[in-house]
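Could you walk me through this structure, one selection at a time? I have it open in a viewer and would like to know what to click on next and what I will find there.

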Amino acid sequence: MAQKVALDIPDGVYVNLGIGMPELVADYVPAGREVIYHTENGLLGMGPAPEVGKEDPELINAGKKSITSIKGACFFHHADSFTMIRGRHIDICVLGALQVSQTGDLANWSTGEPGAVPSVGGAMDLVAGVKTIFVITQHTTKEGKSKIVESCTYPLTGKAVVNCIYTNLAIIDVKPDGLFVREMAPGICFDDLQKVTEARLNRYEY
Amino acid sequence: MINKIVKSAADAVADIFDGAIIMIGGFGNAGTPIELIHALIDQGAKDLTVVSNNTGSGQVGLAALIAHKRVRKMICSFPRTANSTVFPDLYTKGEIELELVPQGTLAERIRAGGAGIPAFYTPTSVNTPLAEGKEKRTFDGLTCVMEYGIKADFSLVKCEAADRYGNLVYNKTARNFGPVMCTAADVTIVQTRKIVELGEIDPECVVTPGIFVKRLVEIPKPADEAKLVAEDRRYPWS
C-alpha cells in the first residue's frame, strides 16, 4: 500500500505524512524524485530514522519518533508550521482512517465512545488546508467491517476532503460523482471488491 | 541595566498565583521546560489552566503537575499519547476539564493572543464536533468558524541559548510552540541551556526577540523526559 502511494507522489512536491502507516511511504518514493517531507512539529526536510544510539531527543517527528534532518532542511515554530498547512502550501498529505465515505468525508480522530479521551492533533488542519489528501488504510476492520462507507458513523475530521484511498485491496479515486476503482490487488475482481465495501463503487469507462 | 537572568527555577516561578493561565512549551518530550514545571510543583500554585499541546508522560513534568491536582483545565490538541496515563485517568473520572483544540488552531490562537488579535476565522474543524456552538461565517464560499486568541498570565518555555536581553535561539524540533508562547503571556519565563554574552547570537538568527521574555534561568543539563519516564521516575523525587 505504502509503495502504491509513493508511486503517486510526483517529483518536487512538499508532503506531510501522518502517524503510523503513512510514515512508511517515504521508504518507497522512486529514485530520482526529490520530495520534501514536512513534519508539523517544525521541520521541512525530514530524513529517515537515525542509527541506533544516534537518536536526538530534540529531533522527533509528529509521531514523537526519532528522525534525522536532510541537508537543506529548516526548523520553524508551530505557527509557521501550520501556516504551511493551513495556507495551502503543502501539496500532499497522507493520512490513516477509521472511515472514509463515498463523498470523501474522513473520520480518523475519534470513535466517539463515551469516556474515551478525544485527541485530534493536526488532522483537522491538514484536511482543511492541504491541497491533496491521500488516505492509506486496510479495506476492512479487524472484524471485517467495511471502512469505506456510505456515510461516516464516527465523528468527522473533515467533509469532502479525501482525493484518493489506498487499501490492501484497491486504489479508489474520490470523484464528484462517486468512488471510482482505479486499480485492484492481484486476484481481486470488481464484484468481490464491492461485496466487502459498504459504499457504492464505480468502474472507469475506458 | 537590563538583566532578565534570575538565580534559580524557584525564583523564576515564585509569583505564579492560584488560578493562573499558564502556557507550557513542548511537543512530546521535545522542548518541555521540565525544571520550571518541577519548580512550579514545589511552589504549590493550584487551580491552574494549562495550555500545552500534550498532557505530559509518565509521572514527571506536566504529568506530575496534573497528578498533584494543580491543574483545573487543560487546553490542548492531543491529550492521549504513549506513556500518558495521568490525564486520561483523571479525565475519565471527571476530575479535570479538557478544551480540545486542533493543533494548528491552537498555535494560531496563541499567535493571535500574542499579536493583539482577539479572534479570527478558519475552515479547520468545520463540519466536525469541534465546530459545534461556534460562530460561523462564509468567505468566498468557504465556511469558517470563529476562534478566539488565547492570552496567558505566564508562559514556561525551554530554549538552547539566551542573552541577558532575553533574545533566544532553540534546538531543532524542541522549538515547536516556544516562540509563539513567548509572545502571548504577561510574564514569559524561559529556561535556557546556556546564557551567552550580548552579541554572541547573530541578530539575523535570533528566533525570539528579547522583548517577549521577562525572566531567564540557566539550566545547563536539563533532564531528558523520555529517559525519566523509561526509568519510571516520579516527581518529587523519592
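Start in chain A by selecting strand β6 (residues 99-101) together with β9(A): the two pair in the parallel sense over 2 bridges. To see one of those pairings, click on A:V100, whose bridge partner in β9(A) is A:I148. Keep in mind as you go that this is a predicted model.

Now bring in the rest of this sheet. It is an open one of 3 strands in chain A, ordered β7-β6-β9, with mixed pairing. β7 (106-107) and β9 of chain A are the edges, each having a single partner strand, so one side of each has no neighbour in the sheet.

Carry on to β10 of chain A. Strand β10 (residues 164-166) runs parallel to strand β8 (residues 132-136), and 3 bridges join them. Select A:V135 and look across to β10(A), where its bridge partner is A:I165.

Zoom out, and you'll find these strands in an open sheet of 10 strands, in the order β4-β3-β2-β1-β5-β8-β10-β11-β12-β13 (chain A), again with mixed pairing. Which strands are at the edges? They are β4 (68-75) and β13 (201-203) of chain A, and each pairs on one side only.

Next, select α2(A). This helix lies across β1 (14-17), β2 (36-39) and β3 (43-47) of chain A, and runs at about 120° to β2(A).

## Across to chain B

Who is touching whom? On the α2(A) side, show A:H78, A:A79, A:F82 and A:R86; on the α5(B) side, show B:Q103, B:G104, B:T105, B:A107, B:E108 and B:R111. Colour the residues of this contact by type and they divide into 3 nonpolar, 4 polar and 3 charged.

Then take in the whole contact between the chains: 46 residues from chain B and 36 residues from chain A take part. The area buried between them is about 3200 Å², and carbon and sulfur atoms give 63% of it. In chain B, pick out B:F27, B:K172 and B:T173, which lose the most area to chain A, together 20% of what that side buries.

## Inside chain B

Stay in chain B and select strand β6 (residues 136-139) with β7(B); they pair in the antiparallel sense over 4 bridges. Here B:R137 stands opposite B:C144 in β7(B). The two strands form a hairpin with 2 residues between them, and B:D140 in the turn has a positive phi of about 45°.

β7 (residues 142-148) of chain B also pairs with strand β5 (residues 119-122) of chain B, in the antiparallel sense over 4 bridges. Click on B:A119, and its bridge partner in β7(B) is B:Y148.

For the last stop, go to the segment after α7 (225-230) of chain B, where B:P236 lies. The peptide bond from B:Y235 to B:P236 is cis, with omega near -5°.

Note on methods
Residues are numbered from 1 along each chain as its sequence is written. Chains are lettered from A and ligands numbered from 1 in the order in which they are written. This is a predicted model: local features need pLDDT of at least 70, side-chain atom pairs count only at pLDDT 80 or more; totals for chains, interfaces and linings use all residues. Side-chain values use heavy atoms; hydrogens and water are left out. Contact means heavy atoms within 4.5 Å. Ala, Val, Leu, Ile, Met, Phe, Trp, Tyr, Cys and Pro count as nonpolar, Asp, Glu, Lys and Arg as charged, and the others, Gly among them, as polar. Two strands pair if DSSP finds at least two bridges between them. Axes are lines fitted to C-alpha atoms, for helices over the stretch in contact, and angles run from 0 to 180 degrees between N-to-C directions. Buried area is the accessible area (1.4 Å probe) that two parts lose on being put together, summed over both.
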